[in-house]
Amino acid sequence: MHGLLARTLQCFLQDTYGAGTWAEIARRADLDSPDFEAMLNYEPATVARVLEAAVLRLDKAGDAILEDIGTYLITHPNNEGLRRLMRYGGIDFIDFLHSLEDLPGRARLAVADLDLPELELCDRDGGAFELICRPRRSHPRGLGHVLVGVLRAMADDYGALVMLGHAGESAAHERIEITVVQTDFAAGRSFELGGAPPRQVKGG
Amino acid sequence: MSLPPETMAALMPLHMAIGPDGQVVSLGPTLAKVLDPGEGEGASFAQLVEIYRPRAVSTVPELLSLAGRKLQLRLRGRAGLALKGLAMPDGHGGAVLNLSFGIGVVEAVRRHALTSSDFAATDLAIDMLYLVEAKSAAMESSRTLNRRLQGAMQAAEQRAFTDPLTGLGNRRALDHLLQRLIRGGERFAVLHLDLDHFKQVNDSRGHAAGDRVLQVVARTMLDLTRKNDLVARIGGDEFVILPLGLTDRDRLSDLARQLIARIEVPVPIESGTCQVSASIGISLHDPDCPSPDGVAGLLAQADAALYAAKREGRSRHAFA
């Protein structure tokens, strides 16, 4: 499994609950090294162990933690780069939803060996959509819940009024139901094409 | 065929329609945005852009002689932006010149605060911006990993050259420096130091006391040498000192006497004190007359001198 996913879990736990809590979770999960590297590969079972340890330590349901990770990915200042990349998806939330099927391809453009689950968006009547997420065996369980968190945070980012939730999973796929009530409900956060943070040039 | 202006504007937001006389008839909305205010329609196309490759042109017939070719041009005026262009006849004696930012798109977007609606939906410019940002993020991540690996490598090297008990260099650090000094053709001295009566301390007072003595002796040797000298522990109670740049026999003798005197100071331990002493053998490397066996020969000479000192009654030094 790609280290970016493992590293995301670590950064989420560190940034949200502090380095001490992360160290404790890493110890309970019996990790060889208490740091995941974004550019290395890990066994999915290792990451599943970390999540189990987090559930016990934080006394919080796994699905809720996963959804928080999705929100964290879009809203935490450390992830501004990722939020910007997601905003390239479209000019409003509906446009963004329509771009989701391209997401795995876009992710591969950035990191060639990053393999995200296939996504399929189905239009229903009255501003309703169903998003199908098809994880592969190599994916950790529950990416659909992360996606729910991402979508909620992106709806806020665009200033859209949206109702959405996880609608169950089977062995082959997870379903998310989305109803867009209003695309321009609130101001949302700004996104300027030319507003990328200056590239950091660090020595050694 | 003549297309409505809004169709032209949507398909080619960076175009310029030019009449047969060279006057600009209409401008795409994005091009209008990047030109200086007040510039544009009514001016001659050559007043707005400077086409310089494949060759300079300023009239419509000259421009159309390059129809279908890739043009390189820059905006006149304050922007001075470099652009790529393609000109084709409009069917009425004039020309349509369509432009692109090429790889300067990142800079153009930043400078003119362009948005995705300033580009045609079929234009890859937005995808290119996406790619630039995504690649920077991925590269940054990669560089972070490299920096961490480099730090870990240095720490591992440091550990590989260090004796864990005393923090002094180890045999590997000694061999490494000796080889470098011999390669560098420098004259230098090797002090081989062995503790006297250490075995008794270990046997009668226990290993913890022995370890404590070794640590105190190590501290003493570091105190009496300079920062760049090497002090290495190469065996249980055997040490080698390379006092860099010090080759004078009298001064080496002074150093050896000082070392022995300080090492003989009793070391406090939990149950009283222990006392040891030291014998030292000194060999000198002369680049004009090197030992035939290199590093091993030099150490063997120092070792022989050490045993001579021990035979003469310990607590003293001898030269090879």
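**Exercise 1.** How many residues does the contact take from chain B and how many from chain A?

*Solution.* The model is predicted: local features need pLDDT of at least 70, side-chain atom pairs count only at pLDDT 80 or more, and totals for chains, interfaces and linings use all residues. Residues are numbered from 1 along each chain as its sequence is written, with chains lettered from A and ligands numbered from 1 in the order in which they are written.

Step 1. Two residues are in contact if their C-beta atoms, placed from the backbone, lie within 7 Å.

Step 2. Chain B gives 21 residues and chain A gives 18 residues.

Step 3. On the side of chain B that touches chain A, H6(B) has the largest share, 14 residues. Helices are DSSP runs (H or I, at least four residues), numbered from the N terminus.

**Exercise 2.** Describe how helix H1 of chain A packs with helix H2 of chain A.

*Solution.* Step 1. H1 (residues 3-17) and H2 (residues 19-28) of chain A pack at about 140°, their axes 6 Å apart. Axes are lines fitted to C-alpha atoms, for helices over the stretch in contact, and angles run from 0 to 180 degrees between N-to-C directions.

Step 2. H1(A) is therefore oblique to H2(A). Angles under 35 degrees count as roughly parallel, over 145 as roughly antiparallel, 65 to 115 as roughly perpendicular and the rest as oblique.

Step 3. H1(A) makes the contact with A:Gln10, A:Leu13, A:Gln14 and A:Tyr17; H2(A) uses A:Ala19, A:Thr21, A:Trp22 and A:Ile25.

**Exercise 3.** Which residues does A:Phe93 touch, not counting residues up to four places away in sequence?

*Solution.* They are A:Met154, A:Ala155, A:Tyr158, A:Ala160, A:Val162, A:Val180 and A:Thr183.

Methods:
Helices (H or I, at least four residues) and strands (E, at least two) are DSSP runs, numbered from the N terminus.
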